[in-house]
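Please take me through this structure stop by stop. At each stop, tell me what to select and what I will find there.

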Amino acid sequence: MAARVSIAGRVQGVGFRAFTEAVARRHGACGWVRNMEDGRVEAHIEGEDAAIEAVLDELRQGPPLGRVDSLDRETVDDQGATDFEIRH
């Protein structure tokens with residue numbers, strides 16, 4: 001299973017990508033996260049259903065300096081990721 005999420009709010013310049021990477025690794029999820037030009041953060045998360053849900057639950061809260069106004073989720077095809085990376 002895989003999910004593509006778009007997160008809006010105060011999510012750039014607050015450590016959101018590093019937060020996402022740490023959360024995903026802690027829950028055994030793979031994929032990637034990147035900043036978007038429009039100020040949102042986009043992430044692709046793969047793993048067991050429970051792992052994805054746990055990651056998304058934490059992303060809805062965000063890091064201490066961030067603020068999540070919305071998290072839009074789309075179910076997508078697995079890309080065969082074997083690690084989690086921050087994309088630039």
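The tour below starts at the helices, passes through the core and ends at the charged pairs. Keep in mind throughout that this is a predicted model.

**Stop 1: helix H1**

Select residues 16–26, which make up helix H1. Now colour its buried residues: Phe16, Phe19, Thr20, Val23 and Ala24. Look down the axis of H1. These buried residues fall within an arc of 130 degrees, so they line one face of the helix. The general rule behind such a pattern is simple: an α-helix has 3.6 residues a turn, so residues three or four places apart point the same way.

What does that buried set pack against? Show E1, strand E2 (30–35), E3, H2, E4 and strand E5 (84–86); the buried residues of H1 pack against these elements.

Then step just past the end of H1. Gly28 sits there with a positive phi of about 75 degrees.

**Stop 2: the phenylalanine pair**

The model has one aromatic pair, and Phe16 and Phe19 form it.

How accessible is Phe16? Its relative accessibility is 1%, so Phe16 counts as buried.

**Stop 3: helix H2**

Select residues 49–61 for helix H2. H2 has 13 residues. Draw a distance from its first C-alpha to its last: H2 reaches 19 Å, close to the 18 Å expected at 1.5 Å a residue.

Next, pick out the buried residues of H2: Ala51, Ile52, Ala54, Val55, Leu56 and Leu59. Among the elements that cover them are E1, H1, E3 and E4. Just after H2, select Gly62; its phi is positive, at about 75 degrees.

**Stop 4: the nonpolar core**

Now bring the pieces together. The largest nonpolar core holds 21 residues. Select the members that touch the most other members: Val5, Ile7, Phe16, Ile45, Leu56 and Leu59. Strand E1 (2–10), H1, strand E3 (41–46), H2 and E4 each give two or more residues to this core.

Centre on Ile7 and show its surroundings. Leaving out residues up to four places away in sequence, Ile7 touches Phe16, Arg40, Val41, Leu59, Val68, Ser70 and Leu71.

Move to Leu71, found in strand E4. Is Leu71 buried or exposed? Its relative accessible area is 17%, and Leu71 is buried. With residues up to four places away again left out, Leu71 touches Val5, Ser6, Ile7, Leu56, Leu59 and Arg60. Check Arg60 in particular. Leu71 and Arg60 are eleven residues apart in sequence, and their C-alpha atoms are 6.6 Å apart.

**Stop 5**

Switch to charged side chains. The structure holds ten salt bridges. Select Glu42, in strand E3. Which residue does Glu42 form a salt bridge with? The partner is Arg34, with the closest N and O atoms 2.5 Å apart.

Compare the accessibility of the two. Glu42 has a relative accessible area of 13% and is buried. Arg34 is partly exposed, at 28%.

Arg4, Arg34 and Glu42 are linked in a network of salt bridges. Now widen the view around Glu42. Neighbours within four places in sequence aside, Glu42 is in contact with Arg4, Val5, Trp32, Val33, Arg34 and Met36.

**Stop 5: Glu53 and Arg73**

Select Glu53 and Arg73. Their side chains meet in a salt bridge, 2.5 Å from N to O. This pair links distant parts of the chain: Glu53 is in helix H2, Arg73 is in strand E4 (residues 67–76), and they are 20 residues apart. Glu53 counts as partly exposed at 32% relative accessibility. Arg73 is partly exposed, with a relative accessible area of 32%.

**Stop 6: Glu85 and Arg87**

Finish with Glu85 and Arg87. They form a salt bridge, with the closest N and O atoms 2.9 Å apart. Glu85 counts as partly exposed at 40% relative accessibility, and Arg87 is partly exposed at 31%.

Key: Residues numbered from 1 in each chain as written. Predicted model: local features only at pLDDT ≥ 70, side-chain atom pairs only at ≥ 80, totals over all residues. Heavy atoms only, no water. Phe/Tyr/Trp six-rings, centres within 6.5 Å; stacked < 30°, edge-to-face > 60°. Helix = DSSP H or I, 4+ residues; strand = E, 2+ residues; numbered from the N terminus. Buried < 20%, exposed > 50% of the residue type's maximum accessible area, 1.4 Å probe, protein only. Salt bridge = Lys/Arg side-chain N within 4 Å of Asp/Glu carboxyl O. Core = buried A, V, L, I, M, F, W, Y, C linked by side-chain atoms within 4.5 Å. Contact = heavy atoms within 4.5 Å. Arc of directions from axis to C-beta. Expected span 1.5 Å × (residues − 1).
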